[in-house]
Amino acid sequence: MKGSRRAGLALFLLTIFCSSAFAFSFAVIGDIQEGDQIFRQAVYLMNKDKTLLFAVCTGDMTPSGTKWEYDKYKSMTDASGIKFYNVLGNHDKYRGGIRNYEKLFGRPYYSWDSGGAHFIALENNSKNGLGSAQMSWLNADLEANKDKPKFIFMHKPLFDITGSFPDQVMKPETQARILMKVFEQNRVVAVFCGHIHGYAKEKVNGIVYIVTGGGGAHLHLPEFSGGYYHYTKASYDGRKFKNGTVKLSNE
């Protein structure tokens, strides 16, 4: 009897430990472009939220990729008390934007660990998809971190989550479908993207796909279907993933 009680207590303590090891929150915002005022609101609110580990921008942090625009964006994030990770968007590639991005942030695909989980930023703006080098890197990174829950960030959605912009998804679509299968096989919890200016969410085969492109650029969607300025707050405790939006004002 005592042995079974000890075993039950050990199982209870293990459950508590595993849950607490993964309990964390982070913020995701995308498509800022010219919307500096709205982005500054987001940074202010993120700074007040002491539960956030970090924030991610899913791309189009600049209108056209110039050095001046990148420097302005970085000055806003550097003034923040929260660490920002950045994804390259299609607008960020204009006018030599990739070089400007790399000088400030390094390679446009990379990964990091935080809160007991693994996070991956991808660059998927090319008509050729990820390309062979990035795809090889991704497969190796997933294998090296196969036992960790994972979260993916990219600019273009893998499919039309909004139901209104079928032409605004990652190309080629064959590779996008392959990526969805790869994510399903590798303990991916959620995939965040931008590109479409608004908010949308859909769960496919156990993975939550989120468009969070309300960071300041002109909105694409009507308000009733996600067309509002916002950032997304996501939380994970090792078992359950939750997310919601924090609305921002353009006034």
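In which sense do strand β8 and β9 pair, and over how many bridges? In this predicted model, the pairing of β8 (residues 199-204) with β9 is antiparallel and runs over six bridges. One of the contributing pairs joins Ala200 to Val211 of β9. Two residues lie between the strands of this hairpin. There, Asn205 adopts a positive phi near 50°.

Strand β9 also pairs with β7, which spans residues 188-193. Here the sense is parallel, and the pairing comprises four bridges. Val208 in β9 is the bridge partner of Ala190.

The burial of β9 was examined next. The strand covers residues 207-212 and is mostly covered, with six of its six residues buried. Its side chains point two ways. Ile207, Tyr209 and Val211 point one way. Val208, Ile210 and Thr212 point the other way. Residues of both sets are buried.

The relative accessible area of Ser114 is 18%. Ser114 counts as buried because this value falls under the 20% cut-off. Beyond residues up to four places away in sequence, Ser114 touches Phe24, Leu53, Phe54 and Phe119.

Technical notes
Residues are numbered from 1 along each chain as its sequence is written. This is a predicted model: local features need pLDDT of at least 70, side-chain atom pairs count only at pLDDT 80 or more; totals for chains, interfaces and linings use all residues. Side-chain values use heavy atoms; hydrogens and water are left out. Buried means under 20% relative accessible area, exposed over 50%, partly exposed in between (1.4 Å probe, protein chains only). Contact means heavy atoms within 4.5 Å. Two strands pair if DSSP finds at least two bridges between them.
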